Amino acid sequence: MSYKTNHKIDGFFEYVVPPLEGFWWQDGIEGMDYTKKDKLSFISLIRLPDFITKEDVEWAKEQARQKKKKDYSQVEFFTYDEGLCVQCLHIGTYDDEPKTTAKMHQYMQEQGYFLDINDMRYHHEIYISDPRKCDPSKLKTVIRHPIKER
């Protein structure tokens, strides 16, 4: 909302905020074990336009802290080069994702690739649907898994 304040951002244009995204991993587990949800860790993300800088994010954190009287110190600006991935649009509940990822992994292997989830490359989800407003059987989630060549 900086365009409504004295804080001006070079190259600013009004844009639609992209959907929420999440990186998921499990410490001590190679790949993803969907039967061990209690071991899941995550980072929530919102993609930003290219004109937003680290300084703009720091300014926004301070504005939000002053206005909301909350601690936003864990919010950070970072870039991430995802690299080579296989992705699929999953339609259905989050609990049904393993069926989709199994198909993704079969396709990946048929194409000569290996799964490359590790401590630097994550299971990545992009939440197209809002679970508060959508029937769970119709949720749309883009799932990305990092891969590498054989």
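I'll start with a charge and a ring: the charged end of R150 sits over the ring of F114, 5.1 Å from its centre. "Over" here means that NZ of Lys or CZ of Arg is within 6 Å of the ring centre and within 35 degrees of the ring normal.

The model is predicted, with local features needing pLDDT of at least 70 and side-chain atom pairs pLDDT 80 or more, while totals for chains, interfaces and linings use all residues. Residues are numbered from 1 along each chain as its sequence is written, and side-chain values use heavy atoms, leaving out hydrogens and water.

Now ring pairs. Rings of Phe, Tyr and Trp (its six-membered ring) pair if their centres lie within 6.5 Å; planes under 30 degrees apart are stacked, over 60 edge-to-face, and the rest tilted. That rule gives nine aromatic pairs.

How are the rings of Y15 and F51 arranged? Their centres are 5.9 Å apart and their planes stand at 70 degrees, so this pair is edge-to-face. Y15 lies in the segment before β1 (20-26), and F51 in the loop between β2 (40-46) and α1 (54-68), 36 residues apart. Helices (H or I, at least four residues) and strands (E, at least two) are DSSP runs, numbered from the N terminus.

Y15 is partly exposed at 34% relative accessible area, and F51 is buried at 11%. Buried means under 20%, exposed over 50%, partly exposed in between (1.4 Å probe, protein chains only).

Next, F23 and Y122: centres 5.3 Å apart, planes at 25 degrees, so stacked. F23 is in strand β1 and Y122 in the loop between β4 (113-115) and β5 (123-127), 99 residues apart. F23 is buried at 4%, and Y122 is buried at 14%.

Last, ring pairs link F12, F13, Y15 and F51 into a cluster.
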